[in-house]
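Subject: Handover of the structure

Hello,

Here is the structure I promised to pass on. Please open it and keep it in view while you read my notes.

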Amino acid sequence: MSANPYPLGLRLAGRRVVVVGGGAVATRRVPALLDAGADVFLVAPELTPALHAQADAGRLHWAPRRFAPDDLDGAWLVQVAVDDPVAAASVSAAAAERRIFCVRADDRAAATAWTPAVTRHGAVTVAVLGGGDPRRAMTVRDAVRDLLNVRTGLPAEEGPDLAGPAAVPAGRTVAPGSGGAGAAAAAGPVGRVALVGAGPGDPELITVKGWRLLTEADVVVADRLVPGLLLDELRPDVELVDASKIPYGPSRAQEEINRILVDRALAGHVVVRLKGGDPYVFGRGGEELLACAAAGVPVTVVPGVTSAIAVPAVAGVPVTHRAVAHEFTVVSGHVAPDSPASLVSWPALAGLRGTLVVLMGLKNLAAITATLAAHGRDPATPVAVVQEGTTGAQRTLRSTLGEVAADVVAAGLRPPAIVVIGDVVGALDAS
Ligand code: SAH
């Protein structure tokens, strides 16, 4: 019989935590460590695209190789996220030698620390240990979460609203069999797909409905821009598919994502396609909806808080303001203004007086701002650039249309970032 565990809240800000392994388990564990401010040192020959993106953005240190005992020097905690029991045991041994607590995803009995099931409500963190039974911990955690949700006014007990066409807004759902692949749909119980907007970055900015569907999902297909903490609370039996499309990096084709959504739903699963911001704002959500519909899979969309409006807001810029701007235009800057592939009339946009919000615009910013100025927008127009808005890493730069491209380079700003152009920038500044 083993003694009871002693619960603690570790304050990890600036403290080194070593994570061994770069697969699905590490992908789930790392966001909470980063959220706690830990100095994460990841040792793994290969990483999932989501972890790779964290490493590329400089949010963690990655050693692209196998574990060596010296990796633990200076660490406060180690998380073992590898399947191989021999490799895991060698990490345990090195940790014990150094008196560092060691969490083992593969073997609870061999671990010196256990990670609880967690639910977070603002500043309150509820952590539940199940006495060696993680499922029990999760059940208790879910009950506590429901209780807290009741107090915050969210529905605690409610069945899925997508099960029958009657419960779904007309035109949003395609019943099994009414699409092109009726035969496949008829073969067994068909699941369903929800295209859910995850919001711009702060995990609390998902909608109530999106959150509920996420807790009901059997399969979650997530984008790179989806807040990692939302994935941290998923049950361990939920299949998490990383659909990261990293610019200039390894990418899984859209058809492959569509295929996964359709396959899992036809196998009877509840699938949540979790997308950054709103699913239909430069998110290819429409293509996914059509692919599901064509295969006879019931599909619905849950709108999200789009970064186009929310990110300027948290940076102090309202996209409209009385007597300043009566319009705002959201445009993608991922295609250069002079490219034959451009679908945007930049000269026309230059003639507008209102707010211009440019997504995916950093790479082409010099060409975009030059084109707007050349067609009449005042180079003195105020501009704000916001990187990783609504997250702990948010950075904001203020400049003008004429100078912002150079300023962004000088400040080293990186995607994801939003560029807001117009007199609304500064409208809320104390005069
Ligand atoms: N569907 C998403 C947008 C997808 S396009 C939405 O509605 O928000 C991806 C672009 O969105 C990024 O290149 C960046 O321009 C912007 N973006 C998304 N999240 C952001 C954030 N937290 N901070 C700044 N820009 C963000």
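Which side chain does Glu288 meet in a salt bridge? The side chain of Arg273 does, at 3.1 Å from N to O. A salt bridge here is a side-chain nitrogen of Lys or Arg within 4 Å of a carboxyl oxygen of Asp or Glu.

First, two notes on the ground rules. This is a predicted model, in which local features need pLDDT of at least 70 and side-chain atom pairs count only at pLDDT 80 or more, while totals for chains, interfaces and linings use all residues. Residues are numbered from 1 along each chain as its sequence is written, and side-chain values use heavy atoms, with hydrogens and water left out.

**The pair Glu288 and Arg273**

Helices (H or I, at least four residues) and strands (E, at least two) are DSSP runs, numbered from the N terminus. Glu288 is buried, with a relative accessible area of 0%. Arg273 is also at 0% and counts as buried. Buried means under 20% relative accessible area, exposed means over 50%, and partly exposed is in between (1.4 Å probe, protein chains only).

Arg273 has another partner. Its side chain makes a polar contact with the side chain of Asp223, at 3.1 Å. A polar contact is a pair of N or O atoms within 3.5 Å; within protein, one must be able to donate a hydrogen and the other to accept it, and residues adjacent in sequence count only if both atoms are side-chain atoms. Asp223 sits in the loop between strand 9 (219-222) and helix 7. Asp223 counts as buried, at 17% relative accessibility.

**Other salt bridges**

The count comes to 22 salt bridges. Side chains of opposite charge can pair when their charged atoms come close.

Take Asp39 and Arg16. Their closest N and O atoms are 3.4 Å apart. Asp39 lies in strand 2 (residues 39-43) and Arg16 in strand 1 (residues 16-20), so the pair ties together parts that are 23 residues apart in sequence. Asp39 is partly exposed, at 23% relative accessibility. Arg16 is partly exposed, at 22%.

Now look at Arg120 and Asp232. They form a salt bridge with closest N and O atoms 3.1 Å apart. Arg120 is in strand 6 (residues 117-121) and Asp232 in helix 7 (residues 228-232), so the pair ties together parts that are 112 residues apart in sequence. Arg120 is partly exposed, at 28%. Asp232 is partly exposed, at 22%.

There is also a network of salt bridges. It links Asp70, Asp73, Glu97 and Arg98.

**Helix 1**

Helix 1 covers residues 24-35, and its buried residues are Ala26, Thr27, Arg28, Val30, Pro31, Ala32, Leu33 and Leu34. Val30 has 1% relative accessibility. The C-alpha atoms of Val30 and Asp232 are separated by 8.8 Å, although the two are 202 residues apart along the chain. Gly37 follows helix 1, and its phi is positive, near 85°.

**The ligand**

How many residues surround the ligand? There are 18, and the closest are Pro200, Val281, Thr306, Ser307 and Ala417. A residue is near a molecule or strand if one of its heavy atoms lies within 4 Å of it. The shell divides into 11 nonpolar, 5 polar and 2 charged residues. Ala, Val, Leu, Ile, Met, Phe, Trp, Tyr, Cys and Pro count as nonpolar, Asp, Glu, Lys and Arg as charged, and the others, Gly among them, as polar.

Where does the ligand lie? Domain 3 (163-302) and domain 4 (308-426) both give residues to its shell, so it lies between them. The domain bounds come from an automatic or database domain assignment. Helix 10 (307-314) and strand 17 (417-421) each supply at least two residues of the shell.

A backbone N or O atom of Pro200 lies 2.7 Å from a nitrogen atom of the ligand. For Val281, a backbone N or O atom is likewise 2.7 Å from a ligand nitrogen. A polar backbone atom of Gly276 is 3.0 Å from a nitrogen atom of the ligand. The protein covers 92% of the 550 Å² of accessible area that the ligand has on its own. Accessible areas come from the Shrake-Rupley method with a 1.4 Å probe; for residues, only the protein chains shown count as cover.

Best wishes
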